[in-house]
Amino acid sequence: MSARISFLKNPDPCNHLSDYKLRYGTDGYKSFNNLFRCFNDGRIKIKLQGIDIPRCSYCSVYQKRLYICLICRSISCSSHILLHTQLNKGHDIAIDVERSELYCCACIDQVYDSEFDEVVVSKQLIGLGMSVKSGADVVAVRSNKKRRLDSQLIIGSKFLVSPRDRREKWTFPLGLRGLNNLGSTCFMNAVLQALVHAPPLRNFWLSGQHNRDLCPRRTMGLLCLPCDLDVIFSAMFSGDRTPYSPAHLLYSWWQHSTNLATYEQQDSHEFFISLLDRIHENEGKSKCLYQDHEECQCITHKAFSGLLRSDVTCTTCGSTSTTYDPFIDISLTLDSVNGFSPADCRKNRYSGGPSVNATMPTLSGCLDFFTRSEKLGPDQKLNCQSCGEKRESSKQMSIRRLPLLLCLHVKRFEHSLTRKTSRKIDSYLQYPFRLNMSPYLSSSIIGKRFGNRIFAFDGEGEYDSSSSSSPSAEFEIFAVVTHSGMLESGHYVTYLRLKGLWYRCDDAWINEVEEEVVRGCECYMLFYAQERVIQKAHKELSYQVISMADAFPFADC
Amino acid sequence: MELVRDRLVECGWKDEMRIACREHVKKKGRKDVTVDELIRVITPKGRASVPDSVKAELLNRIQNFIVSAAL
């Protein structure tokens, strides 16, 4: 935490600067007031009267960085500035002519003084006075020059807003922006927040890999959801913090799924799946070399696609048939973990099912349940190859290949066809922020079934009985979509984890929250990313947070 | 000059330089770096990494200017 705050503090002045200030105060700065010249893009230079091209007084060069001495106003280049100081005692502080920044010749380095910045910035404000439209622009000018201003500083201009409340928004990571609710569209906003901050997706769209100006479908006038997402990504990362309305995407999605085009609340998970599907359709057509999803190189599948393994074993002879199916998310049953009846408990103990924690359903419990060996009912007898007839069998799921991004969907909405009713399961589900998926991998699950055998199964390849968690099985959470309320009239909220901090995204309202709040929420969709994805994103974001200034239009420093 | 500035920002050169500066500062530690040293280190990288398209456009403009001024 302290590392974040320290960069907002002023660096300490060097001895030479302190000495100068003691002797001359701010008079020296103010005397330069007439010499500043402002430009439209926020730059401010020093312009001496009668001299169009400033040159070094020792060597006449003009191409290098030139500094003008605060005391005697002589101009020196970077090579001769030290000479100037040596020849003239006390002439230590100079101003960079091109950039109006303080330079200490004795320390041979840039130095900073908030009072100098005050003088410069107030000149800039006056210079730009005509083009300032709102407080935001004005604040932008200040932040643009990377002047680390004291938070109490109020320059005597009525345009300036107290920097403190602005700063809170400044320290939000880039890309964090509220989404307006367009009429029960929180289900869409929730999913969008999670997708916008999923590093592989964010990188894909921000690097222009689906550019709305170059998209062939769009130029033909066809609908293209990835293009609408391109608009959204640009808007989210524009640096504008006012809530954004994803109206285009909503409209396009309605046109694709006309049956869902109402203002009623929709299911967030359903929207998630259909959105990814549309992206695959649009992207996949050009990139898909094979028909099946396994080899598809579209962004949806590169990010979310994994492979499930399903083993059906004949209970009589033990022979197993194995199939592989791709998946883009895993739906976990909550109810069974929670409400075991005593009869179920006994059944599970015999078939080696998950240990029942009657008090607290956990995510690992759900995953255990998902990968349990399930006895198929008598009405589901399957044809066994070696027995030659229909036999009772058991089925077991496991994960053959993990995706980069793992979406776990908690089935909270139970629709019973027999009773023609639906209900929502409200029970709290405990989930970890770090998830190790190796116990649910095919290698582990199959291994447990057969004990310690060292041989490959149907081309599994790397099966190791003593495999500790391989690096790609460690996941870290980055987004949680929660649902609160009743089935018909609930509300979706997303919690995002950026650079180790949690942010609550409730439609247009975003604020930082404590970890405990997120742990205690009623999770509906959990978004995990592979450890290395998060670590890489951490590095990328750390550039962005410091350069908040670049989010604003004036792009010079 | 404004054109050069704009082009270099557009093509991401400025950001690349910023990142390079950051890397250097990270390596040396915040207190140990001076502006001059940064300039000394980054200038060759910067000169080398200006995209050819920018160079070509500017050459073109200069040539056109010279031709038109000579007439």
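**A tyrosine, and beyond**

Mentor: Start with A:Tyr58, which is partly exposed at a relative accessible area of 31%. Here, buried means under 20% relative accessible area, exposed means over 50%, and partly exposed lies in between (1.4 Å probe, protein chains only). This is a predicted model, in which local features need pLDDT of at least 70, side-chain atom pairs count only at pLDDT 80 or more, and totals for chains, interfaces and linings use all residues; side-chain values use heavy atoms, with hydrogens and water left out. Residues are numbered from 1 along each chain as its sequence is written, while chains are lettered from A and ligands numbered from 1 in the order in which they are written.

Where does A:Tyr58 sit in chain A? Look in the loop between strand S2 (44-46) and strand S3 (66-69). Strands (E, at least two residues) and helices (H or I, at least four) are DSSP runs, numbered from the N terminus.

Together with A:Leu83 and A:Leu87, A:Tyr58 forms a nonpolar patch on the surface, and the three share about 260 Å² of accessible area. Patches are built from residues with over 30% relative accessible area and no salt bridge; nonpolar side chains (Val, Leu, Ile, Met, Phe, Trp, Tyr) are joined within 5 Å, like charges within 9 Å. The areas come from the Shrake-Rupley method with a 1.4 Å probe, and for residues only the protein chains shown count as cover.

Now the cysteines. A search of the whole structure finds zero disulfides over all chains (a disulfide is a pair of cysteine sulfur atoms within 2.5 Å). A:Cys56 is in none; its nearest cysteine sulfur belongs to A:Cys59, 3.5 Å away. A:Cys56 is buried, at 2% relative accessible area.

For a covered element, turn to helix H8 (residues 186-196) of chain A. Of its 11 residues, 11 are buried. Among them are A:Cys186, A:Phe187, A:Asn189 and A:Gln193.

Compare a strand residue. A:Lys411 is in strand S15 (residues 405-411) of chain A. A:Lys411 is partly exposed, with a relative accessible area of 36%. Leaving out residues up to four places away in sequence, A:Lys411 touches A:Ser331, A:Leu332, A:Thr333, A:Leu334 and A:Ile425. A contact means heavy atoms within 4.5 Å. The C-alpha atoms of A:Lys411 and A:His269 are 9.5 Å apart, though 142 residues separate the two along the chain.

Next come the charges. Side chains of opposite charge can pair when their charged atoms come close. A salt bridge here is a side-chain nitrogen of Lys or Arg within 4 Å of a carboxyl oxygen of Asp or Glu.

Take A:Glu474 and A:Arg434, whose side chains meet in a salt bridge at 3.0 Å, N to O. This pair links distant parts of the chain, 40 residues apart: A:Glu474 is in strand S19 (residues 474-485) and A:Arg434 in strand S18 (residues 434-436). A:Glu474 counts as buried at 14% relative accessibility, whereas A:Arg434 counts as partly exposed at 43%.

Strand S19 also holds A:Glu476. A:Glu476 forms a salt bridge with A:Arg497, with the closest N and O atoms 3.3 Å apart. A:Arg497 lies in strand S20 (residues 490-498), 21 residues from A:Glu476. A:Glu476 is buried at 14% relative accessible area; A:Arg497 is partly exposed at 22%.

Chain B gives a local case. B:Arg18 forms a salt bridge with B:Asp15, the closest N and O atoms being 3.9 Å apart. The two are three residues apart in helix H2 (residues 13-28) of chain B, so about one helical turn separates them. B:Arg18 counts as buried at 13%, and B:Asp15 as partly exposed at 41%. Back in chain A, salt bridges with shared partners join A:Arg434, A:Glu474, A:Glu476, A:Arg497 and A:Glu531 into one network.

Finish with chain B as a whole. Chain B has four helices and zero strands. Of its 71 residues, 27% are buried. Among its contacts with a separation of 6 or more, 62% join residues 24 or more positions apart. Chain B exposes about 5,200 Å², and carbon and sulfur atoms supply 61% of that area.
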